[in-house]
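Here is a short report for a reader meeting this structure for the first time. Look at the strands and the charged side chains as you read.

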Amino acid sequence: RQASDRATKVDLASVLDDLRIVIAPSLREESIDCTWTLDDGLPLVWADRTNLMQVFLNLTTNSSRALAKKEDRTLAISARAEPSRVLVEFTDSGGGVKNPEQLFHPFQEGAQSSGLGLYLSRAFMRAFGGELRYRSVPGGACFIVELSPVSQFEMDS
């Protein structure tokens, strides 16, 4: 895993706090019930803060779109540290993805916007040694952002 020149030590809890401030008004307006489950003491992660925030905003925007016509409008955002990685999960009740094998390809047919969001989000994550994956969940979708804790990244260097 290589990291971009702009990657640095990032306080993930701070980025998630900023995300909460940015998305809370629109989630309230759209009647989306958002729950946050963050481990205490999340480690610093290796990332580009601006691009990481863009990935998080893209994932929450996609969830909001998926939930727009649903009765059950829930979004769960969680973050936890594992021994060699930190995971941030965005899980919604929006019905899931019809063709998950095509998710991270550019210019997706039927995309709500340009069809570049997930493609670029994965590219951003990979640029600083992270990953973006999809997991199907009953009645919804889960996107997993995988980051390297600074301690792990420094050990691998």
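Which residue stands opposite Cys-142 in strand 7? The residue is Arg-135. Keep in mind that this is a predicted model.

Strand 7 covers residues 140–149. It is mostly covered, with 10 of its 10 residues buried. Both faces are shielded. On one side sit Gly-140, Cys-142, Ile-144, Glu-146 and Ser-148, and these are all buried.

Strand 7 pairs with strand 3, strand 5 and strand 6. Strand 3, residues 44–47, runs antiparallel to strand 7 and is joined to it by 2 bridges. Here Val-45 faces Pro-149. Strand 5, residues 86–92, is also antiparallel to strand 7, with 7 bridges between them. Val-88 has Val-145 as its bridge partner. Strand 6, residues 131–137, joins strand 7 through 7 bridges, again antiparallel.

Strand 6 and strand 7 form a hairpin with 2 residues between the strands. In this hairpin, Gly-139 takes a positive phi near 75 degrees.

**Salt bridges**

Side chains of opposite charge can pair when their charged atoms come close. The whole structure holds 9 salt bridges.

| Pair | Closest N and O atoms |
|---|---|
| Asp-18 and Arg-49 | 2.5 Å |
| Arg-122 and Glu-131 | 3.4 Å |
| Glu-131 and Arg-126 | 3.2 Å |

Take the pair of Asp-18 and Arg-49, bridged at 2.5 Å. Asp-18 belongs to helix 1 (residues 12–29) and Arg-49 to helix 2 (residues 49–67), so this pair ties together parts that are 31 residues apart in sequence. Asp-18 is partly exposed, at 29% relative accessible area. Arg-49 is partly exposed as well, at 33%.

Glu-131 forms salt bridges with Arg-122 and with Arg-126. Is Glu-131 buried or exposed? Glu-131 is buried, with a relative accessible area of 17%.

A network of salt bridges links Arg-80, Glu-82, Arg-85, Glu-89, Arg-133, Arg-135 and Glu-146. Arg-135 is the residue opposite Cys-142.

Technical notes. Residues are numbered from 1 along each chain as its sequence is written. This is a predicted model: local features need pLDDT of at least 70, side-chain atom pairs count only at pLDDT 80 or more; totals for chains, interfaces and linings use all residues. Side-chain values use heavy atoms; hydrogens and water are left out. A salt bridge is a side-chain nitrogen of Lys or Arg within 4 Å of a carboxyl oxygen of Asp or Glu. Helices (H or I, at least four residues) and strands (E, at least two) are DSSP runs, numbered from the N terminus. Buried means under 20% relative accessible area, exposed over 50%, partly exposed in between (1.4 Å probe, protein chains only). Two strands pair if DSSP finds at least two bridges between them.
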